[in-house]
Amino acid sequence: MTAARASASPGTDAASAARAVRVPRFVRALRPCCVAVGVLVFSLALVAALSGVAVAADGGAAGAAAGAGTHDAAAATTPLDDANGTTQVIVRFTPVEDPDALGEPDGNVSAAVADLREHAAAEQAAFEAFADSRAGVTVEREFWLANAMLVTVDADEVTAASLLSVANVTDVHRNVAVEPLRASARSSRTPGPRTPPSQNHRPQTPRLQIDAEPSGSYTAGLRLVGAPTAWERFDTRGAGATVAVIDTGIDPGHRDVDLSGWASFDDNGTVVSDDLEDASDPDGHGTHVAGTVAGGDASGTHIGVAPEADLVGLDAFGENDTATFAAVIGAMEYATTESDADVLQLSLGSSGTFRGFIRPVRNARATGAVVVAAAGNEGANTSSGPANVYDALAVGAVDEDRAVAAFSSGQPINASAAFETYPEEWPERYVVPDVAAPGVGVVSAEAGTRNGYVRRQGTSMAAPHVSGIAALAVAATDGRVDDADLQAAIVDTAVHPTNATEPDDRYGHGVVDAPAAVGAAVEATPPEADSTNEGETNGSADRETGSEDGAPGFGGVAAVVAIVAVAGLATRRGGRR
């Protein structure tokens, strides 16, 4: 679905690689509707429901249509198998066959959301009727982005088999816990025992307050990714782009944080408050992340990659620093609708692969957003979801010398082994992370203070550098860059220290390069069409006279820079896909 993440296996066939490319919406509009396939999938789903056999959740259209990835409801392991009394579960329903086709024929984002809502309502109707008529089953919350329901069940009265027998139900899983991804405070280059997953949520120490980065007017991270160069070269600092930071909250009282939107969520994924006056961050993790995305320079040192981007804080975490799957999905829904976010910034996760994240990430992409996620902090041969979902933009951490931090997660993913069933657009094998960014000793805003700054480390600190670059690219293209082109621009321009042409499980494709990424996004974005014939005439005249506005949609200087960047990219990575 995404053009960014390449197969980890040189033997992956060309057809799989071609399927991995997400086609821009204006091209997808030309594809014919596959009505027959839809009818076939619906028929199979109905047969499965009647026979007590459910199609595996998030398996994609290929698995459902071929009958692959099905499971015996009686043999499946579910949260109800060892439960007593009332318990909460997530019930999943048949996914949209082709998220790329949502909102066609014009690729309108609002239409894509409407299509997702309509699909979810139709798929969930039978279960709603079942819950209304069955004691011990209560629907707490419905989710259109994941096509799921949060359901309270009396495990003494209701079995998993009875839930799975309802039409369109594909899976039942736990309302899994999700944590902010933190790294321990040890040196990034010193191997040592990994922090146990159960302790990942504990604040790292020490929390040293500092005035500013002493070596200059930009943090080391901004300099390493080339953010100041991108600002000057493309005359943008992110204005017009929106980044939703789904995290522990954001403290708007800090002088370098300008918050334009806010919402907090309970464990059910329901909005508790969307009043900016209620914005807060008792933990501090989210404020640090937000500062790296779009923080200012009140101290004299720039801390944010896209300081003029609109910043929306979405607090999905409870007082114990733990969120639920439902809370995260609720925040993602809010981000793609109420916030109209271009970038979803997720420095959070659940250790290992979890199939439940596949559809929310894919459907968020279908609304036009890029999903940037921290890869995890448990070292080599590990990864966290949702970053390890193929369609996410997974980020690992490097230090100031571009060396990968020991804590930074990364691993080859065998999609069949990891997820059992997966969308047909995915390759069989790929690697996490996609790219790397500064994640050691990162200076950013400290919550609970007006002018305090703190150094933190982790892939949580690396990911917001990438979200900031994405915001710069959105702004440089006036919001017209396709999400697939945007993600590909960031990944394909990343610089691997050994000039490798294939990604590996430590660097991915390499360390992100803001000027090159923005340039590639500009080059990949079609010029904005003139609205009148007069405009077309004037545009032609400008080009003939060498006007700086002669490159439609993005100015002559940006066009030249973009062409040079893409030419260099083609030379370095020609033939990779």
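Student: Where is D235 placed?

Tutor: D235 sits in the loop between α8 and β9. Please bear in mind that this is a predicted model.

Student: What is the phi of D235?

Tutor: The phi of D235 is near 50 degrees, which is a positive value in a residue other than glycine. Most residues other than glycine have a negative phi.

Student: Which residues of α13 meet α15, and which of α15 meet them?

Tutor: On the α13 side they are I469, L472, A473 and A476. On the α15 side they are A514, A517, V518, A521 and V522. The contact of α13 with α15 has nine nonpolar residues, with no polar and no charged ones.

Student: Let us turn to the sheets. In what order do the eight strands of the open sheet run?

Tutor: The order is β11-β10-β12-β9-β14-β16-β18-β21, and the pairing is mixed. At the edges stand β11 (271–273) and β21 (435–438). Each edge strand has a single partner strand, so one side of each is left without a neighbour in the sheet. From one strand to the next, the twist averages 30 degrees.

Student: How many bridges join β14 to β16?

Tutor: Four bridges join β14 (residues 343–346) to β16 (residues 370–374), and these strands run parallel. Within this part of the structure, L344 stands opposite V371 in β16.

Student: Which strands does α9 lie across?

Tutor: Helix α9, residues 285–294, lies across β9 (242–247), β12 (310–315) and β14. The helix α9 runs at about 160 degrees to β9.

Student: What is the order of the open sheet of four strands?

Tutor: That sheet has the order β13-β7-β15-β17, with antiparallel pairing. Its edge strands are β13 (323–324) and β17 (384–385), each of which pairs on one side only.

Student: Over how many bridges do β15 and β17 pair?

Tutor: Strand β15, residues 348–351, pairs with β17 over two bridges in the antiparallel sense. For S351, the bridge partner in β17 is S384.

Student: Now the backbone. Which residues does a cis peptide bond join, and where are the prolines?

Tutor: P386 is found in the loop between β17 and β18 (393–398). Another cis peptide bond joins V432 and P433, where omega is about 5 degrees. P433 is found in the loop between β20 (429–432) and β21. Most peptide bonds are trans.

Student: Last topic: how many cavities of 30 Å³ or more does a search find?

Tutor: A search of the whole structure finds four such cavities. The largest cavity holds about 90 Å³ of space.

Student: How many residues line the largest cavity, and which lie nearest its centre?

Tutor: The lining of the largest cavity has 14 residues, and A220, G221, V440, G441 and V442 lie nearest the centre. Two elements give two or more residues to this lining, namely α7 (220–225) and β22 (442–445).

Student: How do the lining residues divide by class?

Tutor: The lining of the largest cavity divides into six nonpolar, four polar and four charged residues.

Definitions and conventions: Residues numbered from 1 in each chain as written. Predicted model: local features only at pLDDT ≥ 70, side-chain atom pairs only at ≥ 80, totals over all residues. Heavy atoms only, no water. 1 Å grid on protein atoms, 1.4 Å probe; cavity = no way out; pocket = protein on both sides within 12 Å on 5 of 7 lines; lining within 4 Å. Points joined across faces, edges and corners; volume = space filled by probe spheres on them. Nonpolar A, V, L, I, M, F, W, Y, C, P; charged D, E, K, R; others polar. Contact = heavy atoms within 4.5 Å. Pairing = 2+ DSSP bridges. Axes fitted to C-alpha atoms, helices over the stretch in contact; angles between N-to-C directions.
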